[in-house]
Each structure stands twice: as structure tokens, then as C-alpha cells.
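Student: I'd like to learn how to read a structure feature by feature. Could we start with pockets?

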Amino acid sequence: MAQEQFTISAMRIAFFGGTFDPPHRGHLAIAQAAADRLRLDRVLFAPVGNQPLKHDSSVASFEDRIAMVQLAIGGDARFQVSIIDAPRHDDLPNYTIDSICRLKESLKPDDQLFCLVGADSFLGLPHWHRAAELLTACDFIVASRPRFDFQDAQAMLPQGVRICGDALYEPGLSVVPISNHSGQSSTLYFLPDLREEASATEVRAALASHGASNDAVPPPVAEYIRAHHLYQ
Ligand code: ATP
């Protein structure tokens, strides 16, 4: 009897960190666009336990945010919740560079890891912990967001990181190679066509003022918020 042969091909995986407080249409839109455009097998939605740059950041507990993300992503088999950024036992912030390094250790040699962020996060990236190292630790996918302009890629890069070759522009995607002082390199993939207005701040404000979420929140998440009396 002929033996069936299974080959497990390399995986293309994106780490997608955020507060997800609550998850909304904007998060789903950029994850879908990134997965489609970059042919991703997995997008790991990783709610952060303790955000280094947003003080007093999350209003809902980590457990509630995990539950809401699970409900939000239900419709896409490529999406998964990750607890890699769960609150640390030592109460220190969850740094993205640590999560990326741990994820890389868990992958097979041929797997490819990306970090997915919106334009607002990318513009703040020079302030992130070990930013120059982070940017070349894996490839980045940067999705546009209304009111955050990312035309000048070089101006957005942290000190010590530079564009190191010709950028490639095609409809819906710009590809920019970068490297740091130690010669480590990576690629930035810009998705310029996203125009999703949703923001968690606005969802929380709508809930606080008139007790109902706006239509930026997927119905199962809105139901969870209502049942658990969140953001009142
Ligand atoms: P808040 O309003 O509380 O600051 P948020 O809506 O920005 O929250 P986060 O969970 O902080 O949501 O965002 C996680 C990631 O998703 C970030 O990289 C952010 O840039 C990106 N993101 C969130 N909403 C959008 C959007 N509407 N368009 C593009 N990117 C987005």
C-alpha cells in the first residue's frame, strides 16, 4: 500500500499586539487586509497585560479582553488568540521585543514572523523598548489609519535604523527594506488603503455616555459587554 506523504509547509505568522479594550472593526479590518495581502496563515491577536506606554491603559480585565477577542475573531480561521502578552508575574510591562523573541524561538526555521501594527502605533515606535532591535527582529506590516500619515518612511524610523535599498510600490502595498547598525535587516510592508475609523476610545466613550456601543463593535462582543456590564 502506498504510503501517504504529508509535507508541512512553512507558516507565515503575524503577531498582532494591542489593548483590544474592546476589540473592534478596525482591528479586524487590518488583520484581514494583512492576511489577504501578505498571504498569512495565522494572525495572533495578543491582548497586552501591561502596556508600557499607555498608563492606566486597560479598563476591562485581561480575562475579559481575551474573551472579547475570541468572540470578535470567530469568523476567520486564520485568526487566533494568543496569551503570550499575559500580565507578568513580576508586574513589569509586556515589551513587544520580548514577545517577538519568544515567538521566534517557538517557530520552525522556515516559518516567517511578522509584526502587525496600525500607523499610529508605528509612528510611536521610536519610543518603544529596544526599538531599533525590534524593527529588525522580524518583518513589519503597517496598516494605514485615518489621520495618521506615513508618507515619509525614513522620518518614522528610530535612530540607528535606515532604509537600505529601493522601495517597491504596487497597488495596495509598499515594500521597504531596512537595516540597523549591526547589519541586521528586515522589511516593512505598508498597506496604504485602510480607512477604518473605529477606535476603542470612541467605543468606550459611547458606552459611558449612552450605555450602548456604536456599530464599531462586532455583535457578539457588544453582547459580552452588555452581559458583563463593562465600560459603564
Ligand atoms: P485606544 O483607542 O484605546 O488607544 P485602539 O483603537 O488604538 O485603542 P489598540 O488595541 O490600542 O486599539 O490597537 C491595537 C493595534 O491596532 C495598534 O497597532 C493600532 O494601531 C491598530 N489599530 C486599531 N484600530 C485601528 C484602525 N481603525 N485602523 C488601523 N489600525 C488600527
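Tutor: On a 1 Å grid over the protein atoms alone, a pocket is an open set of points with protein on both sides within 12 Å along at least five of seven lines, and lining residues have an atom within 4 Å of a point. Now the ground rules: this is a predicted model, where local features need pLDDT of at least 70 and side-chain atom pairs count only at pLDDT 80 or more, while totals for chains, interfaces and linings use all residues. Residues are numbered from 1 along each chain as its sequence is written, and side-chain values use heavy atoms, leaving out hydrogens and water.

Student: Which residues line the second largest pocket?

Tutor: The lining consists of F150, Q151, D152, A153, I163, A167, Y169, S174, V176, F190 and P192. For classes, Ala, Val, Leu, Ile, Met, Phe, Trp, Tyr, Cys and Pro count as nonpolar, Asp, Glu, Lys and Arg as charged, and the others, Gly among them, as polar. That gives eight nonpolar, two polar and one charged residues in this lining.

Student: How much space lies in the second largest pocket?

Tutor: About 200 Å³. Volume here is the space filled by probe spheres set on the points, with grid points joined across faces, edges and corners.

Student: How do I read strand pairing?

Tutor: Strands (E, at least two residues) and helices (H or I, at least four) are DSSP runs numbered from the N terminus, and two strands pair if DSSP finds at least two bridges between them. Take β9, residues 185-191. Strand β5 (residues 139-143) runs parallel to β9, joined by four bridges, and V142 has F190 as its bridge partner there. Strand β8 (residues 173-180) pairs with β9 in the antiparallel sense over six bridges; V175 is partnered with Y189.

Student: Is β9 mostly covered or mostly open?

Tutor: Mostly covered: six of its seven residues are buried. Buried means under 20% relative accessible area, exposed over 50%, and partly exposed in between (1.4 Å probe, protein chains only).

Student: Which residues of helix α7 are buried?

Tutor: In α7 (residues 200-210), they are A200, V203, A206 and L207. They sit on the same side of α7 because they cover an arc of only 125° around the axis, the arc being that of the directions from the helix axis to the C-beta atoms. The face turned away from that buried side carries the exposed residues T201, A208 and S209. Helix α8 (219-227) is part of what covers the buried residues, with contact meaning heavy atoms within 4.5 Å.

Student: What should I look for in the backbone angles?

Tutor: Most residues other than glycine have a negative phi, and most peptide bonds are trans. In the hairpin of β8 and β9, with four residues between the strands, G183 takes a positive phi near 85°.

Student: Where does R39 lie?

Tutor: In the loop between α1 and β2 (42-47). R39 has a positive phi of about 50° although it is not a glycine, and R39 is exposed at 58% relative accessible area. R130 also has a positive phi of about 50° without being a glycine, and is found in the loop between α4 (119-123) and α5 (131-135).

Student: Which residues does a cis peptide bond join?

Tutor: D21 and P22, with omega about 5°. P22 is in the loop between β1 (12-18) and α1 (25-37).

Conventions: On a 1 Å grid over the protein atoms alone, a cavity is a set of points where a 1.4 Å probe fits but cannot get out, and a pocket is an open set with protein on both sides within 12 Å along at least five of seven lines; lining residues have an atom within 4 Å of a point.
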